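The paragraphs below go through a structure step by step, taking helix packing and backbone geometry in turn. Please keep the model open while reading.

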Amino acid sequence: MYVCICEAVTENEVHACIAAGARTARQVRDITGAGKDCATCVRKICAILNRSTELVATA
Ligand code: FES
């Protein structure tokens, strides 16, 4: 599923960024380009980042 329509970035790509060490929406943007156009997707990216850190915290 696409997270960022403008840059055609999928949720899987965001997860791959997080797995590679990205911890902020800015880092995800620098790697994938997601959020550098209209920025509508930034909240979705933050939600994915928050979910991933919660999973790490509870693991
Ligand atoms: S939807 Fe991501 S920059 Fe527009």
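At what angle do helix α1 and helix α2 pack, and how far apart are their axes? In this predicted model, helix α1, which spans residues 11-19, packs against helix α2, residues 25-32, at an angle of about 110 degrees, and their axes lie 10 Å apart. Since angles of 65 to 115 degrees count as roughly perpendicular, α1 and α2 are therefore described as roughly perpendicular to each other. The crossing in which α1 passes α2 is right-handed. On the α1 side the contact is made by Glu13, Val14 and Cys17, and on the α2 side by Val28, Ile31 and Thr32. Sorted by class, the residues of this contact are four nonpolar, one polar and one charged.

The packing of α1 with α3 can be read in the same terms. Two packed helices are described by the angle between their axes and the distance between the axes. For α1 and α3 the axes cross at roughly 50 degrees and come within 11 Å, and the two helices are therefore oblique to each other. Here too α1 passes its partner, α3, in a right-handed crossing. Glu11, Val14 and Ile18 of α1 meet Ile45, Ile48, Leu49 and Ser52 of α3 in this contact, which by class holds five nonpolar residues, one polar and one charged.

The loops deserve a separate look. Most residues other than glycine have a negative phi. Alanine 8, although not a glycine, has a positive phi of about 55 degrees, and this residue is found in the loop between β1 (2-4) and β2 (9-10). Alanine 8 is exposed, because 12 other C-beta atoms lie within 10 Å, and a residue with 12 or fewer is classed in that way. Alanine 39 is another residue other than glycine with a positive phi, in this case near 70 degrees, and its place is in the loop between α2 and α3 (42-58). Alanine 39 counts as partly exposed, because its C-beta neighbours inside 10 Å number 14.

Finally, the annotation can be set beside the model. An unreviewed UniProt entry carries the annotation "domain: BFD-like [2Fe-2S]-binding", which covers residues 2-50.

Methods: Residues numbered from 1 in each chain as written. Predicted model: local features only at pLDDT ≥ 70, side-chain atom pairs only at ≥ 80, totals over all residues. UniProt positions renumbered as here; feature names shortened; annotations may be inferred. Axes fitted to C-alpha atoms, helices over the stretch in contact; angles between N-to-C directions. Helix = DSSP H or I, 4+ residues; strand = E, 2+ residues; numbered from the N terminus. Parallel < 35°, antiparallel > 145°, perpendicular 65-115°, else oblique. Left-handed = near helix turned anticlockwise from the far one by under 90°. Contact = placed C-beta atoms within 7 Å. Nonpolar A, V, L, I, M, F, W, Y, C, P; charged D, E, K, R; others polar. Buried ≥ 20, exposed ≤ 12 C-beta atoms within 10 Å, placed from the backbone.
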